[in-house]
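The sequence and the structure are shown first.

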Amino acid sequence: MTFLNEITHRYPDAISFAPGRPYDGFFDIEQIFVHLRAYIDHLAAQGRTPAEVRTALYQYGPTAGQIRDIIADSLRADEGIDVPAESIVVTVGAQEAMLLVLRALVAGPEDVVLVTSPCYSGITGAARLLGARVVPVDEDEDGLSLAVLETVIARERAAGRRPRALYVIPDHSNPSGNTLDRDTRDRLLAAAERHGILIIEDSPYRRVSPGPPLPTLKSLDRSGTVVHLGSYSKTIFPGARVGFAVADQEVVDEDEHTGLLADELTRIKSMVTVNTSSLSQAVVAGALLAADGRISALNAQPAAYYHDALGTVLRCLEACLPVARREALGIRWNRPTGGFFVTVKVPFRADNTALARSAEKFGVLWTPMSYFYPDGGGDRALRLSTSYLTSADIEEGTARLAEFIEAESAVDENIPADTARIQND
């Protein structure tokens with residue numbers, strides 16, 4: 001991220017497919033005050049006194065969060081996740097939720113965390129910070145392979161290690177864009193229960209495409225196998241920094257007391273961030289209340305925009321790099337059904353040096369996929385984020401990207417770039 005921020009600052013006129021951020025055009029400054037007022041009115045309708053409302057907004061709030069009931073209602077209405085509010089911990093984005101869950105699960109050097117590879121770098125970063133061992137489970141072209149998962153679990157146990165959990169983004173994954181189909185979801189839950197491991201389900205991209213998504217792993221969970229992480233960064237706004245963890249598993253602490261995993265996460269959070277911003281929680285709660293808890297309704301217009309943006313990127317790639325040309329060069333990309341990301345595989349090293357050339361000579365930015373492989377890999381692939389740009393920027397940016405890919409491929413083939421472009425024409 002440091003390098004990406006640096007190169008973005010160095011080349012401000014470059015069109016950037018790097019940041020996985022929501023589109024700024026949907027943010028209205030006045031809406032923050034509308035959401036805040038909605039939450040204040042909600043508290044008053046519950047019988048809170050003005051002094052109690054003031055305290056709820058201005059003071060340190062409960063460590064586990066003060067809008068857990070509103071989040072629980074939203075999950076029930078929108079996702080079919082029916083859990084008590086006490087099983088929810090409100091966090092500083094989903095990133096803190098990852099940190100808390102890993103800290104609770106990893107107790108010794110024999111404990112390991114499995115992650116899909118490629119995977120979101122936030123989970124591997126949190127694991128490194130805690131000194132937790134991360135073991136990749138390589139994806140195939142369709143995403144998570146249960147056969148590979150079984151092999152990895154058997155190998156780790158044979159080596160005397162204990163897989164505690166598998167981290168996965170089932171819907172429109174970052175960075176690959178892959179989505180687990182329904183059959184894989186069912187079989188994954190069965191495998192996790194059979195092996196006695198938890199699934200850490202991260203779900204930031206479910207509501208950034210129109211239409212009903214596949215059911216969450218948590219809504220299908222009948223055995224307490226899934227810890228569900230959520231974030232309002234993509235669906236409400238990232239500046240709020242509000243996420244949550246659903247951790248309804250029963251655990252026994254060192255004093256033989258039985259409680260919820262959420263209680264343990266709360267205890268850890270009290271030593272990390274104390275509480276999540278009361279003001280941010282209030283704004284998020286107001287937005288949820290306005291939509292009767294349905295993020296699907298609240299996010300309908302942005303979801304349609306993101307779907308169109310993704311389609312525009314795929315159409316422009318097709319136009320700029322037609323099938324004959326990309327087959328000749330060995331270029332291909334996946335076609336996600338939603339989310340923010342497309343993976344493009346190229347015949348050259350797509351590393352930081354190549355990115356610097358792309359920015360300087362062609363005015364276009366992207367993210368090297370190698371950042372997302374815990375044990376190395378992805379050297380000849382790049383991630384495109386489709387969410388942050390207008391259609392005009394996407395069209396121009398994709399044309400620039402195609403010129404860059406042609407030039408790099410020509411160097412790799414030891415043929416002049418002009419020749420490559422002529423062949424493409």
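Helices are DSSP runs of H or I with at least four residues, numbered from the N terminus. The model discussed here is predicted.

**Helix α15.** This helix covers residues 352-362, and its buried residues are A354, L355, A356, S358, A359 and F362.

**Helix α11.** Residues 278-290 form α11, a helix of 13 residues that reaches 18 Å from its first C-alpha to its last, close to the 18 Å expected at 1.5 Å a residue. The helix is mostly covered, with 10 of its 13 residues buried. Among them are S278, Q281, V283, V284 and L288. The buried residues of α11 pack against several elements, including α2 (29-45), α3 (50-58) and β2 (88-91). After α11 comes D292, whose phi is positive, near 55°.

| Helix | Residue after it | Phi |
|---|---|---|
| α11 | D292 | positive, near 55° |

**Surface patch.** Helix α2, one of the elements against which the buried residues of α11 pack, also contains I29. Together, I29, I32 and F33 make a nonpolar surface patch of about 320 Å². I29 counts as exposed because its relative accessibility is 65%, and exposed means over 50%.

Notes. Residues numbered from 1 in each chain as written. Predicted model: local features only at pLDDT ≥ 70, side-chain atom pairs only at ≥ 80, totals over all residues. Heavy atoms only, no water. Helix = DSSP H or I, 4+ residues; strand = E, 2+ residues; numbered from the N terminus. Expected span 1.5 Å × (residues − 1). Buried < 20%, exposed > 50% of the residue type's maximum accessible area, 1.4 Å probe, protein only. Contact = heavy atoms within 4.5 Å. Patch = residues over 30% accessible without salt bridge, like charges linked within 9 Å, V, L, I, M, F, W, Y side chains within 5 Å. Areas by Shrake-Rupley, 256 points an atom, 1.4 Å probe, with all protein chains shown as cover. Salt bridge = Lys/Arg side-chain N within 4 Å of Asp/Glu carboxyl O.
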